[in-house]
Structure formats: C-alpha cells, structure tokens
Amino acid sequence: MSLSEQLQEHKETLILALEQEDSERLDQWLPELRAADLSEILEEMAEDDDDLPSVLKLLDCLPLERRANVLGYLAGEVQVEVAEAMSDELLLSVLEEMGSDERADLFNLLGEDRQEVLLRRMARQEREDLKRLASYEEGTAGSIMTSDYVAIPSGMTVSQAMMRVRQTAPDAETVYQLYIIDPEGKLAGTLSLRQLMVARPGAQVDELMIKDVISVSVDEAQEEVARLVARYDMLAVPVIDPDERLVGIVTHDDAMDVAEEEATEDFHKGMSIGQLEDGVSRVPLWSLYRKRVTWLVLLVFANLFSGAGIAYFEDTIAAQVALVFFLPLLIGSGGNAGAQAATLMVRGMATGDVGVKDWGKLLGRELLVAGSLGLTMALAVAPIGVMRGGEAVAMIVSTSMVTIVLFGSLLGMCLPFVLNRVGWDPATASAPLVTTVIDACGVLIYFSIATAVLTGL
C-alpha cells in the first residue's frame, strides 16, 4: 500500500472515530501517526472537506507539545485558520512549545491586533526573541534561522561545557554541533558533540574548537544558504549579524525545504508561470489563471512573427509545396534543442556550477555539441527529404536542420546569461520563451535557405 493510500485510510478512520465520538480509537490511532503525516491528513480535512471543526477536535486530543509539532507542519493558510479558532491563552501555550523559527513564521501570518495581544502576554525574553526573528526580510537567512541552539562561552572546560549541553539540549534544535562565543557574543568557533565527548574533562574548549567557521550573514539569500549547506554537508550553518555576533542557525532540514521551494519556483518560471503563493492544489483558481495568462498572451503575439515569415515566403512555398511538410519538424527540433540548452544553463547557474565567467568556454562546447546534434538529425531526416521532394529538398532540409539546431542551442545557452547580466532571473529563459523565439527565427532560416537553393537551381 502506498503512502497516500495509507494516509487516506488513516483519515477515514479518524473521521469515523470523531463521528462516533470513539475516544478509545482516537487514543489508539493518533500516537501511531507521525506529525508530518497527521498534518497532511488535517490539511486534506480542512481543504477538501472544509471540516475545520474536526481538525480542531483532533488537535485537542493531542498533548500540547505534539499539537505544536503538528501545527508547525501545516500549510500557512491552515495554520492561520487553526490559530484564529484558538483562544489567546491556548495559542500562547502552543507558540511556546513550537521551535523559534516556526513560531516566528506563524506569528507573521497573524493579524496585527492578535500579534499585539500575544506579545503583551509573553515573557520579556521570549517577546524580544520572537520580534527579532519575525523582523527579518522574507527570503533571507534570518527568516529561516532558529535561535534554539547550544552556545558555549569561551574559556569553559570540557566538563563545564557538557553540563551546559545538558542544560540547553531539551530546547535546542540540534545538539550535534556546538558553537563557542566570546564575551561579546561573537562567534569564536565550533565544536562537534563527538569531539566534546571524547576530550579530557579538564581540557579547554578553546583548544578543541575549529576557528575557521563557515557562517552566513542574516541578510544572505536563503538559496545561497541552502547551497552552502549542501556543498559542505553541514548539519547546520551559523548565522551572524553585522557585528559578527551569533544570532541563530539554519538547520539542514530547513535548508532542504528552501532547496525544494527554490527548485519549484525555477520549474514554474521555466514554463512561464509566475510564483505561486501556495501549492498548486491549494492556490485559488483566479490566482492560477493570473499567474499563467500573462506570458501565454505575450507568446501568442510573438508567434505571429512565424505566420508573417510564412506569408513572406509564399512564392517559395508555391514553387515547392513539399517544403511545408518539413516545417513543423524543423522548428520543433530547434525548439527542443534550445529548451535543452536553456535548461542545462539555468540549472547550472542555480546550483553554482557555472557562472558568467564560464560563458566563453561553454559557448565553444555548445558549438561542438549542437553541431554534432544537428548533423546527426540532418542525416536522419535526409532520406525522408529525398522521398518527399527529391535531392534539392533533401539538401534544403538537411542544411536547415543543422543551422536551426545550432542557432536554437546557442540561443538557449546564451539567453540565461543575458538575462542574468541585465538583472533578471535566468529561469525566465523558459522553454516556451526559447521555443517561441526559435519558431519565428526557424521559419526565416528555413525558407531563406530554400529560396537560395531553389533560385540557384
């Protein structure tokens, strides 16, 4: 049974238990479900069945800590609906049990009046920490970091540091990486828990720590943070403020969420779709229409150039009607080759594998690869050209195939660099954009070659 089928079965069981008010069955099933799985079930209930009261009843059956954990997995829209249905006292208790980063995310989704009420009821230290985390700009390291980490003051011995770990571990996001800070709160070094456990009890942590620490600033773009975590296989990366003071860490799981989010955004842009505020199954229909319609309408008018090109070469087409048979094949091949090249470059730039400095080298490589592809495709289509229109048509189609594939590949490769140079997202060099440009240019290339050859004959 697949995971989705299992979740559907669990959902039906929970709904039935709620309807029958079977608390014994709820007590049996709820502990067996992982927080992430339970949150997905609750989301489906809130969205598909519009059954928020049942969602609240299920959450009420959970212990406070587990309730906070499940709430942290819910989509933002559902989180707000659940939070609005809670009393101030209950919501405050749940927020206190959530991780600092999840707490800040939920806090930012609430209305200003509710935020003020909650802040007034919080302890001073928690209030200041929440306000600080919630103040960072969306999409930066500060917006995804957590302040729940183990910090050890410099000058401590190993035994003192172990005691500090025991004291702070229950509230920490991770204890496998420890951070040494100086009296001013600046990041002095880092130490793994393994190093601490095997060291002499009387040794100084300053002697054991790694001083060359990889860190990021609070205003660093979140995709750069995710790339850094992936590159160096880090469990967490420390975040420092402009004064080099340690203010938080970005853990590996949060970096993975960012990588997934950025990859999804690039996929959407790659197909000329604007950034969606939520998942495709949850975004409103009007928003889905609005995000897709702009580029599609623009590309409709861009495709008129293809029609104009065909109209311009009416005499050539009339002289050799067989040329029309190969038109979709040629411009489709050029569009496919261009889309492939654009995708490779966009993804390479997104992962940091290639940069503007590599343009010259990549251009030479693409010339060789695209030329080879064009020749191979020309050889494949030449016999069909002979059968449909004779040797002249075969020569026109073969020459056009090499030229169009070469042009399309080079355009697809270069366009992301051009967009990056002018400050646009390279992902905008999407398959629809590349193929539309190549369609228009391919028509001109094909019929220009055909006119030249037929005139010569």
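Predicted model: local features only at pLDDT ≥ 70, side-chain atom pairs only at ≥ 80, totals over all residues.
Residues are numbered from 1 along each chain as its sequence is written, and side-chain values use heavy atoms, with hydrogens and water left out. Local features need pLDDT of at least 70, side-chain atom pairs count only at pLDDT 80 or more, and totals for chains, interfaces and linings use all residues.

Side chains of opposite charge can pair when their charged atoms come close. Ten salt bridges are present in the structure. Each is a side-chain nitrogen of Lys or Arg within 4 Å of a carboxyl oxygen of Asp or Glu.

One of the ten links Arg132 to Asp129, with an N to O distance of 2.8 Å. Both residues lie in helix 10 (residues 124-134), three residues apart, or about one helical turn. Helices are DSSP runs (H or I, at least four residues), numbered from the N terminus. Asp129 is buried, at 16% relative accessible area. Arg132 is partly exposed, at 28%. Here buried means under 20% relative accessible area, exposed over 50%, and partly exposed in between (1.4 Å probe, protein chains only).

Asp241 pairs with Arg245. Their closest N and O atoms are 3.0 Å apart. Asp241 is buried, with a relative accessibility of 12%. Arg245 is partly exposed, at 37%.

A further salt bridge joins Lys357 and Asp358, with 3.7 Å between the closest N and O atoms. Lys357 is exposed, at 75% relative accessibility. Asp358, in contrast, is buried, at 19%.

Methods: Helix = DSSP H or I, 4+ residues; strand = E, 2+ residues; numbered from the N terminus.
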